[in-house]
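I begin with the disulfides.

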Amino acid sequence: MKISAAVVLCSVVVAAFIGRVIASDVEQLVEDSSANPRAPVGNKLATDGYLPFSGQFPYYAYLEVSIVNFSPIVCSGGLITPNYILAVANGCLKVSDSQTIRYGTAALAYRNYPWEQRINFSASAIRLHPTENIALTRLDYPVTLNKFVQPIRLPKLSDSRSYVNMEGTTVGSYRYLRNRVMSNAQCTEEQPNFNATDVHICTDRYIGGAFCGAGLGSPLTIEDGNGVIMVGLATRIYYCEYNYPTGYARISSFRDWIQSNSDYYYDY
């Protein structure tokens, strides 16, 4: 299946402690798969990440967007209610003026048979933010909730944290990784041709590694005393040969828009 040209892969190794990763920190992965290209030899921070256990990320949504006369787009998102998935626009739910979306399919509990649920959504069910790289889609019918499929919480209306120096988890279609959330100022300084603003959040590959399994829309979560919260969706990623920061859409910047365009109910 052909992935959109906008998708650029990067990779991550999880460090045991907060600090710069060294070669001895890198856990060697033994599983090989054609769906997961091996981390490049030249970058000691590159990794395919870690295999999740069944039901570890019940909010993860694998999206396939069928386009008339074009190959489908493959991307990711997060289930925020039984009816709605939050994703990115560019390279996922938004196409060029010369393209037409036929329909989309969301896979929950992806590849976790027999629990996988595949539910279609129509082009008319997609809502694009008018100016920023974020989008919503309503499923044709609600998911069936169980321990393998559950919506993810979003930041509360009162949550004004930057999440800097917290541990963030990025979920790809097959694997996951953990990295430190970095400041936007440091992100801008270390990433070429990118200015991280208040609608962005970034993670540091030098404190965690460079992930080869991330894709556009890969959810970024943090965990606090109240549980797991989805704080970002991957929008700017690089091949895992490079150690530039990974950029995400900062979900807390879009709370009003999400509430107005979905059935998500925010806690204060």
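**Entry: the link of Cys75 and Cys92.** I looked up the handedness of this link and found it right-handed, with 60° about the S-S bond. The model is a predicted one, in which local features need pLDDT of at least 70 and side-chain atom pairs count only at pLDDT 80 or more, while totals for chains, interfaces and linings use all residues. Residues are numbered from 1 along each chain as its sequence is written, and side-chain values use heavy atoms, with hydrogens and water left out.

I noted that the disulfide from Cys75 to Cys92 has an S to S distance of 2.0 Å; a disulfide is defined as a pair of cysteine sulfur atoms within 2.5 Å. Cys75 lies in strand E3 (residues 70-79) and Cys92 in the loop between strand E4 (84-87) and strand E5 (101-108), so the bond ties together parts 17 residues apart in sequence. Helices (H or I, at least four residues) and strands (E, at least two) are DSSP runs, numbered from the N terminus. I found both Cys75 and Cys92 buried, where buried means under 20% relative accessible area, exposed over 50%, and partly exposed in between (1.4 Å probe, protein chains only).

**Entry: Cys187 and Cys202.** I found the sulfur atoms of this disulfide 2.1 Å apart. The torsion about its S-S bond is about -65°, so I recorded the disulfide of Cys187 and Cys202 as left-handed. The pair links distant parts of the chain, 15 residues apart, with Cys187 in helix H1 (residues 184-190) and Cys202 in strand E11 (residues 200-204). Cys187 and Cys202 are both buried.

**Entry: Cys212 and Cys240.** I read an S to S distance of 2.2 Å for this disulfide. Because the torsion about the S-S bond of Cys212 and Cys240 is about 100°, the disulfide is right-handed. Cys212 lies in the loop between strand E12 (210-211) and strand E13 (219-224), and Cys240 in the loop between strand E14 (227-236) and strand E15 (246-250), so the pair ties together parts 28 residues apart in sequence. Cys212 counts as buried because its relative accessibility is 5%; Cys240 counts as buried at 9%.
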